[in-house]
Amino acid sequence: MCGPSDDIPELDFVYADADSLEREVSELYSFTELPEFALNQQHYSDAVSELGLDVRWPDMSEAQRTAVLLSLVDKVELARRDDRLRASRAILYISQGCWGDLHTPEEVQSWARRNALLLYKCGVLPVLIDILNLEIESGTAPVTAVRKLAVSVADSSDLRVLLSVLYLMVEQMRHVRDSDPPEEVRLRDAFTQELGQPQDTGELLAVSLLGMVSRFCSGAAPHFPMKKVLLLTWKVLLLTLGGSDQLRRLRTAARAAAGLPDVPEDTVERTRTMRASSPPPAPVEQLVDAVFGPQRPRFTRSKVVNGDAMDAMNDSTDVAEEGGKSTETGSALPWKPKVHRRDIEEYLTVSRKKFVGFRLEDDLESMAGLPQPILEGRYILDKHLYRSLAEVQVEREEEISASPFSRPEQEVPQTPAELLFAGMLPNLPQYMIALLKVLLAAAPTSKTKSDSINILADTLPEEMPVSVLHSMKLGIDVNRQKEVIAKAVSAVLLLLLKHLKLNHVYQFEFVSQHLVFANCIPLVLKFFNQDTVQYVTAKNSISALDFPRCVLGPQVDLTSETLQLGDEQPYCWRNVFTSINLLRILNKLCKWKHSRIMMLVVFKSAPILKRSLRVKHAMMQVYTLKLLKMQTKYLGRQWRKSNMRTVSAIYSKVRHRLVDDWAFGNEVDARPWDYEAEERALRSKVDHFIARRYSPESLEELEPVDVSLSSVLAAPLELTPAFKANYRRWLEREVFQQSTDWDKLIEPGYMG
């Protein structure tokens, strides 16, 4: 239970595409895998001894390191499973940085980067992907796992080793440094391009990994290590599609190509300069106020700069820190308001009906008969007019649908997002359902059921612990596993939605509809139906067991006190990251979709989201307030009256539309089925787009028909062998035995 709202500290969390390299690598391994580090080192030592080398890895020459790797690559392709596994473990030890010959985490990280580049130069990537595909399609492992009562970490050893090597290579290649030499930059670009191209099987690596998630959720492969699969999926998408910076560059280029100006403000960048508001009072505080009256502090000069007054000052002024100096830009809202074209149309329609008495359809130019204040209002609306890239894409799609021959679609650029969507399309609904199933199993509010999927198969040891200390360690490991899986799933879904929306809005809508059909909205609300402050400050980590600390230097003896200490940070980075991602996903699904906003109302999301406002982080609060702003008009006047503090926070932190009546409109009688027509119309447009671009055979009826008798008769016609063998019987039955009255052809009215 949280204390008073004023006691909750403000989080200094900085949102990014991923956590630091060291933390991301350490989260790849569960604490149950610790004994395997020494096993990997042993197999590496055996492989080096077979080559007659008695030299530490850092002391080897480049030629000797290459010879070791090429020898291991040859062994990975052997038929015997044990030989393959030993060679794969030796490669994993090399990709981990050969920590046995090093002393500090910095040295391990440096050599892991060098070794990742060397692995790629030696051609390890395509070999590992081929072996991974063989393991995925292997029929013996799933059968063995299904027959066992409890799947453990031992059932997925081969897959875990392969996925770990691929993950370490991707993660090292993903990090860019200004000091990288041109050769490293060239290798990294080639690595990224190779990951973004279809494999020998015709599938992208990301699509194959999503297929693993789908097979796992269907029960066909319960031994798949889900945490490693999802982490690798996330990092492959992050590397091939691009992170926030790449997305910003792509958006700027796409808007420039469409003749649109750049977006004036970026939400993520803008919220980094905002200060978190004091959260609304908890129900306990409201109960105390109701019984004893509001405990209002006496007004003094010393308290003016505290609490809500400081919130108001920081929300109304933009203070930028540059070179140690604070520069105040004046009292203003943090966002520049936006206006859509439909807002101007509605404004002029109402004004004309009031002052002129008639309507003008699709006319935004005629201003005759309107008074001067209306003209000034029109000038303000034009000044803040914003046209999104999605509107341009929708208009272009309408042109293609109306004139498929005179204005056909040009050649579609084969961008990474386009290739990914085309590869996912045949099984995209199954992929979305599988991801949401895993997210549901990883939610802290989920109750374990007998028929639910087991996402902890790669964490549970073969023999359950018998001591209290080991049971505590396993409990922390299980909670940590769930948190990492939730982080990976939320990041994968957000990446897909952001890049597909930029590539084409109907691709984004297609994925969004399948997420909504799979109950993504109530699932996210279920995720937040908990003590969010406790979740973002959870301590499910043991720093002494994180890689590479667990293999360097003397090891610390674990006690119950050291297990309870957790991390040094006052918050859990991955849990804050997951919470913000899920709020952003919910915003993207519900924005401008009235039927989905009504789902938020029906599922009583307002008190759940209000509880999330108790986390004092500006970015998290902004996305929560956006969701509350969408549904405020449906919650009624009484809700707004009793939640004025939340309404004030919405006004001070969220962007506004100049003609939006979010705080005053009352639509308490609105029902979910009132907006079904809007959802059906959108689905019809999306289905038409998918059929036109990805199923050309469905539009064959639009092709021109040859009506020339001579060309039709002259067209070559291939007769089947069966017809050629029996054509005499066909002539006898269809020609000679049929009597035709040719005189009927000249009778009036016979031809219609």
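Tutor: Contact means heavy atoms within 4.5 Å. Keep that in mind for this predicted model.

Student: Among contacts between residues at least 6 apart in sequence, what share join residues at least 24 apart?

Tutor: Take the contacts in the protein chain between residues at least 6 apart in sequence. Then pick out those that join residues at least 24 apart. Their share is 78%.

Student: How many helices and strands does the protein chain have, and what percentage of its residues are buried?

Tutor: The secondary structure comes to 35 helices and 2 strands. The chain has 752 residues. Buried means under 20% relative accessible area. By that cut-off, the buried part is 49%.

Student: How do helix H16 and helix H17 run relative to each other?

Tutor: H16 covers residues 341-355 and H17 covers residues 372-383. Their axes are 11 Å apart and meet at an angle of about 175°. Angles over 145 degrees count as roughly antiparallel. So H16 and H17 are roughly antiparallel.

Student: Which residues make that contact, and how many of them are nonpolar?

Tutor: H16 brings Ile344, Tyr347, Leu348, Ser351 and Phe355. H17 brings Pro373, Ile374, Gly377, Arg378, Leu381 and Asp382. By class, 2 residues are polar and 2 are charged. The nonpolar count is 7.

Student: How many aromatic pairs does the structure hold, and what is the geometry of Phe37 with Trp99?

Tutor: The structure holds 20 aromatic pairs. In the pair of Phe37 and Trp99, the ring centres are 6.5 Å apart and the planes stand at 85°. Planes over 60 degrees apart count as edge-to-face. So Phe37 and Trp99 are edge-to-face.

Student: Which parts of the chain does that pair tie together, and how many residues apart are they?

Tutor: Phe37 lies in helix H2, residues 34-50. Trp99 lies in the loop between helix H4 (81-95) and helix H5 (105-121). The pair therefore ties together parts whose separation in sequence is 62 residues.

Student: Are Phe37 and Trp99 buried or exposed?

Tutor: The relative accessible area of Phe37 is 4%. For Trp99 the value is 6%. The cut-off for buried is under 20%. So Phe37 is buried, and Trp99 is buried.

Student: Is the pair of Trp573 and Phe577 stacked or edge-to-face?

Tutor: The ring centres of Trp573 and Phe577 are 4.9 Å apart, with the planes at 20°. Both residues lie in helix H26 (residues 573-590), 4 residues apart, about one turn of the helix. Trp573 is buried at 8% relative accessibility, and Phe577 is buried at 2%.

Student: Which residues form a cluster through ring pairs?

Tutor: Ring pairs link the members into a cluster. Phe37 and Trp99 belong to it.

Student: Is the peptide bond from Phe547 to Pro548 cis or trans?

Tutor: Most peptide bonds are trans. Pro548 is in the loop between helix H24 (532-536) and helix H25 (560-565). For the bond from Phe547 to Pro548, omega is near 5°. This bond is cis.

Student: What is the phi of Asn519, and what is that of Trp592?

Tutor: Most residues other than glycine have a negative phi. Asn519 sits in the loop between helix H22 (505-517) and helix H23 (520-528), and is partly exposed at 46% relative accessibility. Trp592 sits in the loop between H26 and helix H27 (594-602), and is partly exposed at 41%. Phi is positive in each: near 65° for Asn519 and about 65° for Trp592.

Student: Which side chain makes a polar contact with the side chain of Ser208?

Tutor: Ser208 is in helix H10, residues 205-217. Ser208 is buried at 9% relative accessibility. Leaving aside neighbours within four places in sequence, Ser208 is in contact with Asn133, Gln199 and Glu203. The polar contact, at 3.4 Å, is with the side chain of Gln199.

Student: Is Arg84 buried or exposed, and which residues does Arg84 touch?

Tutor: Arg84 is found in helix H4. Its relative accessibility is 17%, so Arg84 counts as buried. Not counting residues up to four places away in sequence, Arg84 touches Lys75, Val76, Leu78, Ala79 and Glu135.

Notes. Residues numbered from 1 in each chain as written. Predicted model: local features only at pLDDT ≥ 70, side-chain atom pairs only at ≥ 80, totals over all residues. Heavy atoms only, no water. Axes fitted to C-alpha atoms, helices over the stretch in contact; angles between N-to-C directions. Parallel < 35°, antiparallel > 145°, perpendicular 65-115°, else oblique. Nonpolar A, V, L, I, M, F, W, Y, C, P; charged D, E, K, R; others polar. Buried < 20%, exposed > 50% of the residue type's maximum accessible area, 1.4 Å probe, protein only. Polar contact = N/O pair within 3.5 Å; in protein donor to acceptor, adjacent residues only side chain to side chain. Phe/Tyr/Trp six-rings, centres within 6.5 Å; stacked < 30°, edge-to-face > 60°.
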